[in-house]
Amino acid sequence: VRTISCLRATGWTVAAGTQIASYRIYYADESQRLVPVVYGYDVRNWWPQPNEPPDKRTGLRLAWQGPGTNNQRRLYLTSWTNPQPEVPVRSIDFRSTLSDAAPFLIAITLEP
């Protein structure tokens with residue numbers, strides 16, 4: 001697996017730069033990697049917020065935007081380059097830091 005991509009958003013807003021979750025990647029050789037998820041850099045609230053700064057970091061990519069009640073909803077896509085592509089990925093844990101952001105994960109895609 002060379003690339004791991006995640007489709008996600010949050011239910012609420014917190015200060016940009018706050019770590020709100022992480023992925024722990026477990027490999028077949030028993031090694032692990034921790035990938036942090038940072039609000040405002042990797043993901044945002046799925047409801048656009050007034051006075052949001054523009055998306056400046058390449059990790060923050062709008063993947064989908066659609067209608068919602070009184071507003072637009074949106075999902076973000078983040079892709080992570082696997083530093084050990086030759087070692088099979090055994091499993092992935094998605095863990096919230098239990099911040100007010102309430103992150104959620106829609107899908108994970110593993111690309112060879």
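Student: Why does Glu111 count as partly exposed?

Tutor: This is a predicted model in which local features need pLDDT of at least 70 and side-chain atom pairs count only at pLDDT 80 or more, while totals for chains, interfaces and linings use all residues. Residues are numbered from 1 along each chain as its sequence is written, and side-chain values use heavy atoms, with hydrogens and water left out. A residue is called buried under 20% relative accessible area, exposed over 50%, and partly exposed in between (1.4 Å probe, protein chains only). Glu111 is partly exposed because its relative accessible area is 36%.

Student: In which strand is Glu111 found?

Tutor: Strands (E, at least two residues) and helices (H or I, at least four) are DSSP runs, numbered from the N terminus. The run that covers residues 103–111 includes Glu111 and is strand β7.

Student: Which residue is joined to the side chain of Glu111 by a polar contact of 3.1 Å?

Tutor: Contact means heavy atoms within 4.5 Å; leaving aside neighbours within four places in sequence, Glu111 is in contact with Val1, Arg2, Thr3 and Ser5. A polar contact is a pair of N or O atoms within 3.5 Å; within protein, one must be able to donate a hydrogen and the other to accept it, and residues adjacent in sequence count only if both atoms are side-chain atoms. The side chain joined to that of Glu111 at 3.1 Å belongs to Ser5.

Student: How many bridges join β1 to β7?

Tutor: Two strands pair if DSSP finds at least two bridges between them. β1 and β7 run antiparallel, and Ala9 stands opposite Phe104 in β7. The number of bridges between β1 and β7 is eight.

Student: Is Thr78 buried or exposed?

Tutor: Thr78 lies in strand β5 (residues 71–81). Its side chain has a polar contact of 2.8 Å with the side chain of Arg8 and reaches the backbone oxygen of Asp42 at 3.1 Å. Because its relative accessible area is 13%, Thr78 is buried.

Student: Which residue meets Arg95 in a salt bridge?

Tutor: A salt bridge is a side-chain nitrogen of Lys or Arg within 4 Å of a carboxyl oxygen of Asp or Glu, and the structure holds one. Arg95 is partly exposed at 42% relative accessibility. At 3.1 Å, N to O, the partner of Arg95 is Asp93.

Student: What is the bridge partner of Ser22 in β6?

Tutor: Strands of a sheet pair through backbone hydrogen bonds, either parallel or antiparallel. Here β2 and β6 pair in the antiparallel sense over seven bridges. The partner of Ser22 in β6 is Arg95.
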